[in-house]
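Student: Could we go through this model together, one feature at a time?

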Amino acid sequence: MDYASAGVDVAAGDRAVELMKGAVKATHGPEVLSGAGGFAGLFDASALLGMSRPILATSTDGVGTKIEIARALGIHHTIGRDLVAMVVDDLVVCGARPLFMTDYIACGRVVPERIADIVRGIAEGCAETGTALTGGETAEHPGVMEPDEYDIAGAATGVVDAPELRGPERVQDGDVIVALASSGIHSNGYSLVRRIIADAGWSLEREVPEFSRTLGEELLEPTRLYTRLCLEALPHVNAYSHVTGGGLAANLARVMPEGGLAVVERGTWEVPPVFRVLTDLGGVSPEAAEDTFNMGAGMLAILPADGVASVSELAAAAGVGASVIGRVAFGAEAPAGARVVAGTKGVTAGAVAMVGSYR
């Protein structure tokens, strides 16, 4: 009896590391002091000494059941980009610049090429956001997970100088809310998505005219990475909200200060076809949809009205659509007939009023 006969292939794990080393190294700048194979990633933080009061920010996340779409299609590198987006773009909300990231992959059986594909996607996302991929872990769990099952998670650390910290305390009366367009569903709501298509009997290979591609290709579209755009626009912005689990209103409410009301006009931006197709197919109400999906608005910027033109120009240069979707008012009542969302994610402060209809 040995480890291999128990279902753990150490040699396959070593092969996976060899296949991914080049992609990981490509994310390393001079600050990274350790290479692949070390027990810990080392990052030179000397640059932080030039800050008046450096504040470290940290975030951790996964990509949920979108992995099942990747497994079904046999396409694994895009799921790594999704992981970076879910983790790193949570850091940028507070104004933090990402420094480094680590990943964790649990699987029933190590297939070196598959593991390398996943990590290659993570490395591509890290390179695009200026984040060093300093380490990770691949764990083989025979008997706990099926041979082709896997799950991924990641954690990242960033830094922001205290005077540049962004959040609810900066939001002002009269601020404008700008939605930065999503690339699609991103990485939230896939349990509902999978239930809808299963109940409808749709296959991932189905050609969908509204998408001009297959259902599977649309569902596997990688999450948009907003990091560089948000950091470039930071001087104009008071707060950001990354629209992930819980949908648009719930995540916007998290950055509304006490007494603040964000009034969002649903008809002020174009909702991508994927949301319309899925909600119609599953008979999902508009309220349930906006409690689950980003509805085409993946990142929200809250800023003074005189900064809208600058942020819109930066977004256009990055190839990202930007739409003014609402305003912030202090001490105001929600408009008649509005759907009011508050007290989400354990945060009790301001509120969001959703008005009008999607188009």
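This is a predicted model: local features need pLDDT of at least 70, side-chain atom pairs count only at pLDDT 80 or more; totals for chains, interfaces and linings use all residues.

Student: How are helix H3 and helix H4 oriented to each other?
Tutor: Helices (H or I, at least four residues) and strands (E, at least two) are DSSP runs, numbered from the N terminus. The axes of H3 (residues 77-91) and H4 (residues 112-129), lines fitted to C-alpha atoms over the stretch in contact with angles from 0 to 180 degrees between N-to-C directions, come within 6 Å and cross at roughly 45°. Angles under 35 degrees count as roughly parallel, over 145 as roughly antiparallel, 65 to 115 as roughly perpendicular and the rest as oblique. H3 and H4 are therefore oblique.

Student: By class, how many nonpolar, polar and charged residues does the contact of H3 with H4 have?
Tutor: Contact means heavy atoms within 4.5 Å, and the residues making it include Ile79, Leu83 and Val84 of H3 and Asp117, Ile118 and Glu124 of H4. Ala, Val, Leu, Ile, Met, Phe, Trp, Tyr, Cys and Pro count as nonpolar, Asp, Glu, Lys and Arg as charged, and the others, Gly among them, as polar. The contact of H3 with H4 has 7 nonpolar, 5 polar and 5 charged residues.

Student: What kind of aromatic pair do Phe43 and Phe100 form?
Tutor: Rings of Phe, Tyr and Trp (its six-membered ring) pair if their centres lie within 6.5 Å; planes under 30 degrees apart count as stacked, over 60 as edge-to-face and the rest as tilted. By this rule the count comes to 3 aromatic pairs. For Phe43 and Phe100, the centres are 5.2 Å apart and the planes make 45°, so the pair is tilted.

Student: Where is Met295, and is Met295 buried or exposed?
Tutor: Met295 has a positive phi of about 55° although it is not a glycine. Its place is the loop between H10 and E10. With a relative accessible area of 5%, Met295 is buried.

Student: Is Ser212 buried or exposed?
Tutor: Ser212 also has a positive phi, near 60°, in a residue other than glycine. Ser212 lies in the loop between strand E6 (207-208) and strand E7 (213-214). Its relative accessibility is 69%, so Ser212 counts as exposed.

Student: What separates the C-alpha atoms of Ile302 and Val178?
Tutor: Ile302 lies in strand E10 and is buried, with a relative accessible area of 0%. Leaving aside neighbours within four places in sequence, its contacts include Val176, Ile177 and Val237. Ile302 and Val178 are 124 residues apart along the chain, yet their C-alpha atoms are separated by 6.4 Å.

Methods: Residues are numbered from 1 along each chain as its sequence is written. Side-chain values use heavy atoms; hydrogens and water are left out. Buried means under 20% relative accessible area, exposed over 50%, partly exposed in between (1.4 Å probe, protein chains only).
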